[in-house]
Amino acid sequence: TWLNGTLYNDRKNISGLIKAFFEAFMHKKEKPNLVLKVNGAGYSIQEKEVIINKITEIEDLVRSNHNFKGKMPKIYLINGELTDREMNDLYNHPDIKAMISFTNAEGYGLPLLEFSTTGKPILVSNYSGHLDFINSDYSVLLPGTLVNIDSSAANEFLPSIGTWYRVNEQFAKKIMVDLYENYDRYHEKSR
């Protein structure tokens, strides 16, 4: 769920993941795609447009920051509720190679648990509830630091006091590129 918060400050840090993905692969000749299964608080058409606009704003920011006019990696948005079977089909689709999560805070992380059954690589924040079942022997735990929760993320359930985790973006970009270029090594580890 992509809720409120400025860049890096939405609870799942979807914005930071998108920015890092663009920056990691924009200069590469061969570019992977990012399949983003996300929604806001619901599944309306208006909400989907808000998400598309957020992605476009991040792309524009990256282009501007790097004065880049070339072809960007593609992001495919899946917005809406899927059945258990549809989610299973998505996780196990041969074109889906890994799951990446930059989450700042995760209560449990059911999608991560579900995806772990595929035997495919997982790159995820080295912090929060999913560490109860994500094992570093099979997955890549992304380093980072604790930062103050930004007031832009606050809502009735999340106060703007306290800390949460911020993935080291530079390290994560290197790992994403290495995963793409050396997939077999990561896939063997994850199995």
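Guide: Contact here means heavy atoms within 4.5 Å. Helices (H or I, at least four residues) and strands (E, at least two) are DSSP runs, numbered from the N terminus. The model is predicted: local features need pLDDT of at least 70, side-chain atom pairs count only at pLDDT 80 or more, and totals for chains, interfaces and linings use all residues. Residues are numbered from 1 along each chain as its sequence is written, and side-chain values use heavy atoms, leaving out hydrogens and water.

The buried residues of helix 3 pack against strand 1 (34-37), strand 2 (75-78), strand 3 (99-101) and helix 4 (110-116). Buried means under 20% relative accessible area, exposed over 50%, and partly exposed in between, with a 1.4 Å probe and protein chains only. Within helix 3 (residues 84-92), Met87, Leu90 and Tyr91 are buried. They lie on the same side of helix 3 because they cover an arc of only 95 degrees around the axis, the arc being that of the directions from the helix axis to the C-beta atoms. An α-helix has 3.6 residues a turn, so residues three or four places apart point the same way.

Lysine 19 belongs to helix 1. This residue counts as buried because its relative accessibility is 9%. Not counting residues up to four places away in sequence, lysine 19 touches Leu7, Tyr8, Ile58, Val62 and Glu169.
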